[in-house]
Amino acid sequence: MINVAMIGCGAISGIYLKNITETFQEIQLVGVCDLIPERAEKAVAFVKEQQEKGVKAITPKIYPTMHDAFADKEVQVVLNLTRPYEHFDVTKAALLAGKHVFSEKPLAVDMEEADELVELATKQGLHMGGAPDTFMGAGIQTCRKIIDDGFIGDVVGANVAMICHGHETWHPDPEFYYKRGGGPMMDMGPYYVTALVQLLGEAKGLVGMTKKSFDQRLITSQPHYGEVVDVDIDTHLAGNILFANGAIASIFTTFDVYYTKQSHFEVYGTKGTLVVPDPNTFGGPIYLYRPEDFTRGPKVDPALRKMDPNPYTAYKEMPLMFDYRENSRALGLADMCKAIETGRDWRANMQQQHHVLEILTGFSKSSASGQYLPLKTRYYRTAAMENNPMHGILD
């Protein structure tokens with residue numbers, strides 16, 4: 001059993017609290033901390049409610065400061081759920097205190113911070129990893145197996161997009177999405193880029209073009225209804241990624257447009273096309289289209305044909321072949337904790353976070369310079385998931 005302290009009890013903490021107490025049986029939450037004490041108290045209250053339902057969980061301590069958590073000898077792993085621009089300071093302090101760290105995405109807000117954290121964790125001999133762990137779910141793992149088993153042949157490329165009009169209409173505290181470390185590429189891009197490297201492998205370089213469409217955003221969600229946020233970062237980013245295997249992926253993320261379908265993710269191969277589920281989820285659906293599914297149409301321009309309103313009519317839905325198809329956040333944390341106990345590698349590890357962050361931050365750098373940006377980080381795909389008959393216990 002690995003003991004975990006949670007730093008930051010904001011919006012994302014709820015699903016972590018639920019899954020740590022209910023699902024993942026080899027970790028336990030021993031303490032919580034938040035700059036707003038009421039949030040920490042609410043987290044403890046949730047655990048007590050779980051106990052009343054019969055869930056076997058200890059009542060976590062409330063630490064006055066994060067440094068009190070880091071000084072607690074009972075704590076082995078720090079779960080960093082703070083805002084993106086706070087990740088570096090919290091993770092660094094935890095590493096210096098000798099604690100392993102698992103953080104929400106991204107690893108840091110720039111490569112200088114990330115380089116320092118990776119060097120420090122390596123020097124200290126500590127495990128460091130982080131979200132997203134959605135790639136460990138049934139959806140992306142099934143897609144990885146389909147590609148690895150040759151169902152779409154050699155990968156030619158991919159086309160992925162995250163399209164929405166920002167978070168100020170629904171998120172309770174949306175301001176940080178428009179400050180340093182925010183924006184659609186840093187917020188939602190980690191899901192898409194992590195899935196891409198898991199499916200296609202190491203990236204070698206990229207090109208990008210970015211812009212900011214609005215200087216201010218009006219919050220219409222509670223409790224900050226009517227407040228205006230100054231936008232400090234680019235909110236519309238597009239680019240291409242060149243992979244070591246020769247594949248080229250196009251990626252597009254925006255907080256600036258109105259659209260009905262937020263996620264788009266397709267991988268193209270020499271023998272077929274794979275429709276990947278929303279990488280911000282753990283499940284499906286997954287669709288596969290191969291040459292034998294092609295129905296010969298009339299010899300006319302496809303643009304002149306009457307098209308089916310469902311673009312995936314001719315595709316076959318593929319079964320999910322792995323566990324964790326529900327919202328399983330904390331899966332990566334549990335996997336890292338198992339690695340601490342067994343000595344094996346962990347799947348959502350720091351080399352993956354480091355590589356993904358270089359891609360995420362690279363689009364703005366490429367846009368500013370007007371040049372192709374070669375990547376300096378190296379990447380190896382972590383092990384595929386293994387099905388375990390005991391849900392909540394990792395291999």
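This is a predicted model: local features need pLDDT of at least 70, side-chain atom pairs count only at pLDDT 80 or more; totals for chains, interfaces and linings use all residues.
Check its backbone: phi is positive, about 65°, although Tyr324 is not a glycine.

Stay in that loop and move to Ala330, which also lies between strand 16 and helix 9. Ala330 has a positive phi of about 95° and is likewise not a glycine. With 0% relative accessibility, Ala330 counts as buried.

Next, the cis peptide bonds. Select Ala131 and Pro132; the bond joining them is cis, with omega about 5°. Pro132 belongs to the loop between strand 6 and helix 6 (138-148). Then go to Gln222 and Pro223, where the peptide bond is cis with omega near 10°. Pro223 is placed in the loop between strand 9 (216-218) and strand 10 (228-230).

Return to Ala131 and pick out Glu104, which touches it. Glu104 lies in the loop between strand 5 (100-103) and helix 5 (111-124).

Now display the open sheet of six strands, ordered 3-2-1-4-5-6 with parallel pairing. Its edges are strand 3 (61-62) and strand 6 (128-130), each of which pairs on one side only.

Within this sheet, select strand 1 (residues 2-7), where six of six residues are buried. In a regular strand the side chains alternate between the two faces of the sheet. In strand 1, Ile2, Val4 and Met6 point one way, while Asn3, Ala5 and Ile7 point the other way. Both sets are buried. To find one of the pairs, select Ile7, whose bridge partner in strand 2 is Cys33.

Further along the sheet, show strand 4 (residues 77-80) with strand 5; these pair in the parallel sense over four bridges. Leu79 has Phe102 as its bridge partner in strand 5.

Move to strand 13 (residues 263-269). Five of its seven residues are buried, so this strand is largely enclosed by the rest of the structure. Strand 7 (residues 155-163) runs antiparallel to strand 13, and seven bridges join them. Here, Val160 has Phe265 as its bridge partner in strand 13. Strand 14 (residues 272-275) is also antiparallel to strand 13, joined by four bridges. Strands 13 and 14 form a hairpin with two residues between them. Select Tyr268 to see Thr273 of strand 14 standing opposite.

Finish on the surface. Which residues form a nonpolar patch there? Select Val207, Leu242, Ile248 and Tyr372, which together have about 320 Å² of accessible area. Of these, Ile248 is found in strand 12 (residues 248-254). Ile248 counts as partly exposed because its relative accessibility is 46%, between the 20% and 50% limits.

Technical notes: Residues are numbered from 1 along each chain as its sequence is written. Side-chain values use heavy atoms; hydrogens and water are left out. Contact means heavy atoms within 4.5 Å. Patches are made of residues with over 30% relative accessible area and no salt bridge: like charges are joined within 9 Å, nonpolar side chains (Val, Leu, Ile, Met, Phe, Trp, Tyr) within 5 Å. Accessible areas come from the Shrake-Rupley method with a 1.4 Å probe; for residues, only the protein chains shown count as cover. A salt bridge is a side-chain nitrogen of Lys or Arg within 4 Å of a carboxyl oxygen of Asp or Glu. Buried means under 20% relative accessible area, exposed over 50%, partly exposed in between (1.4 Å probe, protein chains only). Two strands pair if DSSP finds at least two bridges between them. Lists of a residue's contacts leave out its neighbours within four places in sequence.
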